[in-house]
Amino acid sequence: MPVDIDIAKVAKLARIALDDASLERYGRQLEVILEHAERVQALPTGGVEPTAHPIPMTNRFRGDVVTGTLERGEILAQAPSSEDGYFRVPRILDEP
Amino acid sequence: MNDLADLTIVEAGRRMRSGECSAADLLDAVIRRASFTEAHLHAYLLIDRDGAGAAAEAADAELAAGRDRGPLHGIPLALKDNLTTRGLATTCSSRILEGYVPPYDATAVARLRQAGAVIVGKTNLDEFAMGSSTENSAFGPSRNPWDPDRVPGGSSGGVAAAVAAGSALGGFGTDTGGSVRQPGSLCGVVGMKPTYGRVSRYGLIAFASSLDQIGPLARSVEDAVVLLEAVAGFDVNDSTSIPGDVPDLRAGLGAGVAGMRIGVVRELMGKGIDREVLAATGAMVDRLSDAGADIVEVSIPAVEYALSAYYLIAPAEASANLARFDGVRYGLRVDGDTTEEMMARTRADGFGPEVIRRVLLGTYALSAGYYDAFYGQAQKVRTLLRREFAAAYEKVDALVSPTSPTTAFEVGAKTADPLAMYYSDVCTIPINLSGDPGISVPIGLDDARLPIGFQVMAPALAEPVLFQVAAEVERIAAFAARPSLAASEPLPT
Amino acid sequence: MTEYEAVIGIETHVELQTRSKMFCGCPVTFGAEPNTACCPVCLGLPGALPVPNEAAIDGILAIGSALDCELVEHSVFHRKNYFYPDLPKNYQISQYDLPLCVNGRIVIDVDGEPVTIGITRVHMEEDTGKSIHVGDGGRIADAGYSLLDFNRSGVPLVEIVTEPDVRSAEQARAYGAELQQIVRALGVSDARLEEGSMRFDANVSVRPRGSAVLGTRSEVKNVNSLRSLERAIAFEIDRQIGVLEAGGRVVQETRHWNEETGATSSMRSKEESEDYRYFQEPDLLPLHVDDAKRAAVRQALPVLPAARRAGYAETGIGGRLAAALVATDGLGELFEEAMASGAGARAAANWVTGEVVAHARRMGVGPADTPLTGQHLAELAAMVEDGELSATAAKDVLAGVLEGEGTPAEVAAGRDLIQISDASVIEDAVDAVLADNADAVGKITAGDTKPIGFLVGEVMKATGGKADPRLVSELIRSKAGG
């Protein structure tokens, strides 16, 4: 069953800027892969719970204790752009 | 064989303690070997001569002063470049992390340092661990020491090649769909994936969070045990890390397989598996029977769907794990007028095609309207698979299969068709989904003189059983062949 | 002319003031230098992993329990995926379809009428970093560039969502105020709107009264006080009614409240709503809350505002005074202390909610941050009852106590406010004034009570304000009344 993908929408959701040729190419590749992956739909899974974790455990916590932080210098040393102790980015279009 | 670079970790340790060699000697030997092999293999992205030298020196001084940190003291190891190393560039073989220097060590790395290990450098991988050949590395592929026109496997191809070639005595990779076991198989070394949660993932740069595990690559099963012992165990910084004590991993070494029940996975012994690989696997199964094991055929029907489920679950988780690479706080930044533009361009330029493919695939599989059919359904298939493995382990102590459907293929042979490449993981993927441990042991060569790997699998937490069977396989195989590139002199160019 | 009713739902975010962040050991701070409370986890560095803070879980369970929610047995974390520069991982660890607390309620009081507001859910998530927009104009759209501080990234955040049960701006404010009091009473957050440790968003729609169909709703953001919440919702209701009356349709959008202009304006509308691609967080284990835990949480709850109000009202002071005592920090404690020291409930309540609050505000401090104790109040009330202090003088004495001059007795003496209660001294003064004001006396004798006040005033002047005016008035009446 051919799968129809709005690849431009997916690329936007994934924040990857692709030109039209790339979008078309990836779209086709994804369709091929998904046709194969779609096979999972053939398995009867009625009443089967999804596995989110291989580990059947619950309630892992840490105590409310302050442990170390990183030195700001070390953090900002990796920043592509910083100013006065802040990370700097170009103007932001969207509201959160 | 008198080159220190070809020793096992256990043997190297013995010689160090008997005074026959020093940690500095071991390091010199592997660095020298690397100087011959790297031009052909490109196993390493970074060799840290200064750091390793200092660590070797410190290891020797400590031993001399009577401080012995254990079996990895002074042993030169290679680490896959998706494990964070403080102060040492960690790139995941991606342009988006080119030059990124982590401010912290992965827990496994910290434990290795504590154990006195000498970290030689960081090895090549498929970008963000996505691949089965290292051809997806942004910095060029690695090559197979058995035939440099062929791939070493992936994604931990660099560390497997280094260990096989002698430019490290052992090392660690990561296994999400087979990425330690399969390169182990293709390079003729032992590669092992622990039970999910056995080794902390803190500092393992995530690909698929519910599948990733750090695993050792080594020249012997015993070496693999030694390596795993040093890093296994509960970590407060990883919520998915298994609490409680690690069992005695050596308990079964040398005990043989007499009286054990071993199941051969029917679905992994048929179509799609190379004739010679099948023959070698069958022959080893017969030898195990001769050695006293009860062999039965076991059917795990859901295995047929494992590859499909994996190619929905892994990319889905990866699409979220790789979202943090956006040019804001670290790594590559490609400018834009707006932050949105900057992020989108950075990711388009910084990620290679396979990564982009999987991020798009994963994003799609999770998106509204498709979640239930794809990701949701794949997680249910996973449950079915786990049930079937659990049912199988009611009847047998361990399961076996080939590790890889083929031996090492030529560079470029599978890059045109992603599906063909994905198929390399058909034997290894099932237990990433189930969370159980598995190991690949080299058992022989095919007609082209390429290694064949035999996979042993055991129930979750049963590493001692796994190693017990693996050690017997190793004993029976008596695999002593050496790759042509593991030479002690400069090779003809 | 159609009559409309408003249908409002409120979403509240509360920052929990635990010592450390939700998923890492960085400190929860306020006002620290940018990026000085960060680590690999809350910065989203490659390879970092989250581990949940147990105190934060206890905090949200307390909130859920206080809101009469069911604390569910099996709950999980989800990843909410979207890209934004203040969100380091470009996903937020949150909860989706299995939140920790569901199906609760708050009862609010609006003009004496109790209204039940349903609580749909309470869930746990992590806060984002903060962005500062630099450049022309204060709004994000005009900025030249932005600066990011991740100190707040990873702070534990509780989201509380109501059913669309709120029907007016007043109700919304009452809800907000009550929720704030509850959260503060639990001690899990200082819930300060102006500092952002409590934030409101409102979903507002209108429909013709009697209709069962919901109208299109808009989301109102940027409300920074309870007053703003009320004003913004009132504005939005009017605006939507206006749109409908003019024959238009309400657009589903997010609107930004502007405190200065007193209006909401449309934010850059997105073509389609964001697809968050929720999936269960693979780095975290599920949460399991058993009966023992539920019981323990309930046991540990302090007396909540509603119960405190009811308790105070039982002393006979009435609902409004009781509510006022509970609404501000420290008042209830003063009241209880005063009563324990012998003051009457009404007098104590009036003092506390009246003069104490007023003078503390003049001093620029909270009523709980002064040297005043309930014992002082009891003393003061007694001095007034005994006639030692006039009502006016008592206010002065209170001021003095608040300002740290000492006990009421000390202040009264120090400021020379003690009333003259020596009858002979007052009588002499009264006699003198009556003697000087024969006409007034004559009128009083004839039955006119009006001049009494004037004469009392004269006696007060003559005694430097220290005569007990009640006594003076009595004496004048008896001497002049005939």
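The views below come from a predicted model.

**View 1. B:Arg449 has a positive phi without being a glycine.** The angle is about 60°. B:Arg449 sits in a loop of chain B, between strand S10 (438-445) and strand S11 (451-457).

View 2. C:Asn222 belongs to strand S12 of chain C, which covers residues 218-223. C:Asn222 is partly exposed because it has 19 C-beta neighbours inside 10 Å.

**View 3. A cis peptide bond joins B:Gly154 to B:Ser155.** Omega is near 10° at this bond. B:Ser155 is placed in the loop between strand S3 (118-123) and helix H5 (157-165) of chain B. Most peptide bonds are trans, and most residues other than glycine have a negative phi.

**View 4. Chain A meets chain B through 43 residues of chain A and 56 residues of chain B.** On the chain A side, helix H1 (7-13), helix H2 (20-37) and strand S2 (86-90) each give at least two residues. H2(A) provides the largest share, 7 residues. Sorted by class, the side of chain A that touches chain B has 28 nonpolar residues, 7 polar and 8 charged.

Definitions and conventions
Residues are numbered from 1 along each chain as its sequence is written. Chains are lettered from A and ligands numbered from 1 in the order in which they are written. This is a predicted model: local features need pLDDT of at least 70, side-chain atom pairs count only at pLDDT 80 or more; totals for chains, interfaces and linings use all residues. Helices (H or I, at least four residues) and strands (E, at least two) are DSSP runs, numbered from the N terminus. A residue is buried if 20 or more other C-beta atoms lie within 10 Å of its own, exposed if 12 or fewer, and partly exposed in between; C-beta atoms are placed from the backbone. Two residues are in contact if their C-beta atoms, placed from the backbone, lie within 7 Å. Ala, Val, Leu, Ile, Met, Phe, Trp, Tyr, Cys and Pro count as nonpolar, Asp, Glu, Lys and Arg as charged, and the others, Gly among them, as polar.
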